[in-house]
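Here are my notes on the charged pairs and the nonpolar packing. Have the viewer open as you go through the points.

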Amino acid sequence: MYKNVIIINSDTLGRGDAEVGHTLLGTFLRKLLASMNKPDVIIFYNSGVKLVVRGSYFIDILDGLECEGVELLACGTCVYKACNNSSLQVGRITNMEEIADIVLKAHKVITL
């Protein structure tokens with residue numbers, strides 16, 4: 001069972017200017033990597049899966065989080081649809097059944 005779960009469902013943070021949102025998301029991920037209080041898992045779905053596939057600007061940061069024990073899960077349908085089946089660079093593919101199970105059992109879920 002996971003205690004703390006973060007959901008990333010977009011390739012930017014917040015609404016509005018995409019460039020600002022991209023910068024904010026990068027800053028958030030770097031701060032998360034530097035934090036002593038990391039989540040147990042980060043779930044990526046919808047356009048959020050763009051962060052974990054080939055060509056992502058954030059692979060090094062996410063690889064660091066994975067090395068620190070954070071499990072990275074990407075919705076397989078989303079990787080196929082949103083990323084034209086691009087190769088996953090970090091984490092692993094999952095499905096909505098596992099995502100729902102994790103979210104329902106988690107102590108805390110934060111959606112960005």
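1. Asp 11 first: at a relative accessible area of 25%, this residue is partly exposed. Keep in mind that we're looking at a predicted model. The side chain of Asp 11 makes a salt bridge with that of Lys 50, at 4.0 Å from N to O. Lys 50 is partly exposed as well, with 37% relative accessibility.

2. What does the Asp 11 and Lys 50 pair tie together? Asp 11 belongs to the loop between β1 (4–8) and α1 (18–34), and Lys 50 to the loop between β2 (41–44) and α2 (59–67), so the bridge joins parts that sit 39 residues apart in sequence.

3. How many salt bridges turn up in a search of the whole structure? The search gives four.

4. Next, have a look at Arg 92. Its side chain meets that of Glu 98 in a salt bridge, with 2.6 Å from N to O. Arg 92 is partly exposed at a relative accessible area of 33%, and Glu 98 is partly exposed too, at 24% relative accessibility.

5. The side chains of Lys 105 and Asp 101 form a salt bridge at 3.1 Å, N to O. Both residues are in α4 (residues 96–105), and because they are four residues apart there, about one helical turn separates them. For Lys 105 the relative accessibility is 46%, which counts as partly exposed; for Asp 101 it is 38%, also partly exposed.

6. On to the nonpolar side. In soluble globular proteins, nonpolar side chains tend to be buried together. In this model the largest nonpolar core has 32 residues. Which residues have the most contacts inside it? They are Ile 8, Leu 29, Ile 42, Ile 43, Phe 44, Leu 51 and Leu 62. Two or more core residues come from each of β1, α1, β2, α2, β3 (71–75), α3 (76–82) and α4.

7. Setting aside neighbours within four places in sequence, Leu 29 is in contact with Ile 8, Leu 51, Phe 58, Ile 61, Leu 62 and Leu 65. Among these partners, Ile 8, Leu 51 and Leu 62 are also on the list of residues with the most contacts inside the core.

Note on methods:
Residues numbered from 1 in each chain as written. Predicted model: local features only at pLDDT ≥ 70, side-chain atom pairs only at ≥ 80, totals over all residues. Heavy atoms only, no water. Buried < 20%, exposed > 50% of the residue type's maximum accessible area, 1.4 Å probe, protein only. Core = buried A, V, L, I, M, F, W, Y, C linked by side-chain atoms within 4.5 Å. Contact = heavy atoms within 4.5 Å.
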